[in-house]
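Let's take a walk through this structure together, beginning with a pair of helices and ending with a sheet. Keep the 3D view open as you read.

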Amino acid sequence: MLEGSGHLPHARDPVKVNLLLRDFVSPPPRPSRWVRGKSRRKRALYVSSPIGLGHAQRDAAIADELRRLHPELEIDWLAQHPVTAVLEKRGERIHPASHFLANESAHIESESAEHDLHCFQAIRRMDEILLSNFMVFHDVVRDDQYDLWIGDEAWELDYYLHENPEQKRAAYAWLTDFVGWLPMGDGGEHEAYLTADYNAEMIEHIARFPRVRDRAIFVGNPDDVVSDSFGPDLPLIRDWTEEHFAFAGYVTGFDPRELGDRERLRAELGYREGEQVCIVTVGGSGVGGDLLRRVIASFPEAKELVPALRMVVVAGPRIDPASLPTHDGLEVRTYVHELYRHLAACDLAVVQGGLTTSMELTANRRPFLYFPLRHHFEQNFHVRHRLERYGSGRCMDFATASPSVIANAIAEEIGREVDYQPVETDGAARAAALIAELL
Amino acid sequence: MTTTVERGADTASEQTRARYPDQAGYVRRDGVNLYWEVYGSGDLTVFLMPTWSIIHSRHWKMQIPYLARHCRVLTFDGRGNGRSDRPAELDAYREEEFAADALAVLDATATERAVVVSLSRGAERSLLLAAQHPDRVEKLVFIAPAVPLPPVVSRHRAAQEFEEPRDEYVDWGKWNRHYWVENYEDFLEFFFSQCFTEPHSTKQREDAVGWGLETTAETLVATQLAPRLQDEGGVRDLLARVDCPVLVIHGSEDAIRPCASGARLAELAGG
């Protein structure tokens, strides 16, 4: 008997039902080996969200700091493309079961339309993938002893651990850079009802099982949290977050000071003196093709307004550069090694509204235009709120930004001196220190 | 006759799956095309049976990817929904037909034996399959089984007046063929609100209503009027011919089939 469950428990309590089925159908073999507590190596399992590339950089930086505090610590990663691309380059150990993870990035791309991604609905419609990936996690930690699990926006982990608290068998640290699902204006009452319902469930989870998250870390500062409420009769997001999270400050994944002198960096990267360099990038996903095309269309006019303009368009791993139009003098590249160095060296960047790239630009004090994806509540509300606090970037609306509007904005912003609030450089160390206490 | 198709092409609204079938195809039995899918491989097969045709095999979406990592998984859309045909006559929806379909799918996929897992109305057809072909069924799992064991269901009275038009249709009064035909989507909304009594089940309800909209009220009326087991005696007769291990899973807050009737099935099955 499943107490409290309704008529379709396999859909509503799938972890429990799956495990019951597995045990009845073909029980997993009993492990032939057990390691005494005292003989165990200190190990952590890091689950990094694969939606966007940003998490990989910051999680790698946090992992480095953790190893500094616990040199004997072994870290395994349960991760998928494109996070694995970053981790493999660094020689991180990717757990072989990662191979079983269902791909979240491809799903998110499949949910997007022209510069449009209904992020909340896309994540809801990922329920089957999330559950499947939680079951992979379950099997890994059933067979392998870890002292600590770290989930950076690993939604499946956080949700199903709260739904099945008996599955928690290690210390668990949760990281996120936003709190609260928010409805888009045109979603009407129904979407507001749904986001409030999701928020309410999360709040109830934390209230009922405070022991599940041993650490909840907000990647940012209290002022970065939006002032909205979670929904009718629910608390204010800022109040609740301050009560339930520790704040690590922003985690850049690199130290801008290590980039050195900007003039030398420019020379090193092949940018000539007097050139006005504009980098156009949409990150690692395939969602940004429409923005790239629109910015490319603005190039001739922008070049007239800024004769020294050198525009470099980075297509990224999931957009075919041959599918993009060309102009004389315009560079289109598939991949740029250490893009963050180019972003640090440029005179202007044109980007989507994702947090990582826009905060990199903020930390490097570069002017930039950003275009939040339509219906992407995180980019439209949470990220925008944060950037406004730093006074960084110029928010553009894809719907109204014609090539001519973009060309004029490029001309106005390129090479401009900025007065952003400074971004801390110790975020990774602070996050790691908060996590290290659990080891 | 069996046809194998490229992995089941997505319907327009279907969300990304965590895993796609390794094989998929149709088997035609008595003029009705039945769509099946196989995932994974191995000596052991788990056969996820169709339930009431108000939903189709996607309702197993949370089980398939996990189970397929550990064994071979077979499922099919029951007649009346999904990619299978929707015959019009009610006799086409007798439980014996579903059981015979299941056997045809086992044959079409060269599945000698399987652990048969059913949900709700999938129970009777699974019992029939196990009773008639014990050599093909290794074990039986019943989730929220819908078999005529006490206590009576909350919609009992409405079910008796299923064909009578009413002045108004409220709550289980919506369990009525006239209401289904005229307000199909609202009936689905109501029914699945009763299926998912747990708070915060918006996504599960939406999924189920969406699957329900892939068939028609007329088809559901036919499934409802087709004869089924009427009493405990019928269940006992079938169980007497079943000799494999049985697992019953039932939620205490099940508002469609009382948990006690699942417990009774487990008891009769010797558990």
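In chain B of this predicted model, helix α2 (residues 95-108) packs against helix α3 (residues 122-132), with an angle of about 60° between them and their axes 8 Å apart. An angle of that kind makes α2(B) oblique to α3(B), and the crossing of the two is right-handed.

How many of the residues of α3(B) are buried? The count is 9 of 11, so this helix is largely enclosed by the rest of the structure. The buried stretch includes B:G122, B:A123 and B:E124 at one end and B:L128, B:L129 and B:A130 at the other. The cover over these buried residues comes from several elements, among them α2, β6 (114-119), β7 (137-143) and α9 (232-240) of chain B.

Now step back to chain B as a whole. Its secondary structure comes to 10 helices and 8 strands, and 51% of its 271 residues count as buried. Among contacts in chain B with a separation of 6 or more, 68% join residues 24 or more positions apart. The C-alpha trace spans about 55 × 45 × 40 Å along its principal axes. A compact globule of 271 residues would have a radius of gyration near 18 Å, and chain B, with 18 Å, agrees with that.

Chain A brings us to the sheet. Here 7 strands form an open sheet with parallel pairing, in the order β3-β2-β1-β4-β5-β6-β7. At the edges stand β3 (93-94) and β7 (246-247) of chain A, each with a single partner strand, so one side of each is left without a neighbour in the sheet. For β3(A), that pairing is with strand β2 (residues 74-78) of chain A, in the parallel sense over 2 bridges. One place to look is A:D76, whose bridge partner in β3(A) is A:R93. Helix α3 (residues 54-69) of chain A packs on the sheet, where it touches β1 (43-48), β2 and β4 (148-152) of chain A. The direction of this helix makes about 165° with that of β1(A).

How values were computed. Residues numbered from 1 in each chain as written. Chains lettered and ligands numbered in written order. Predicted model: local features only at pLDDT ≥ 70, side-chain atom pairs only at ≥ 80, totals over all residues. Pairing = 2+ DSSP bridges. Helix = DSSP H or I, 4+ residues; strand = E, 2+ residues; numbered from the N terminus. Contact = placed C-beta atoms within 7 Å. Axes fitted to C-alpha atoms, helices over the stretch in contact; angles between N-to-C directions. Rg over C-alpha atoms; globule rule 2.2 N^0.38 Å. Buried ≥ 20, exposed ≤ 12 C-beta atoms within 10 Å, placed from the backbone. Parallel < 35°, antiparallel > 145°, perpendicular 65-115°, else oblique. Left-handed = near helix turned anticlockwise from the far one by under 90°.
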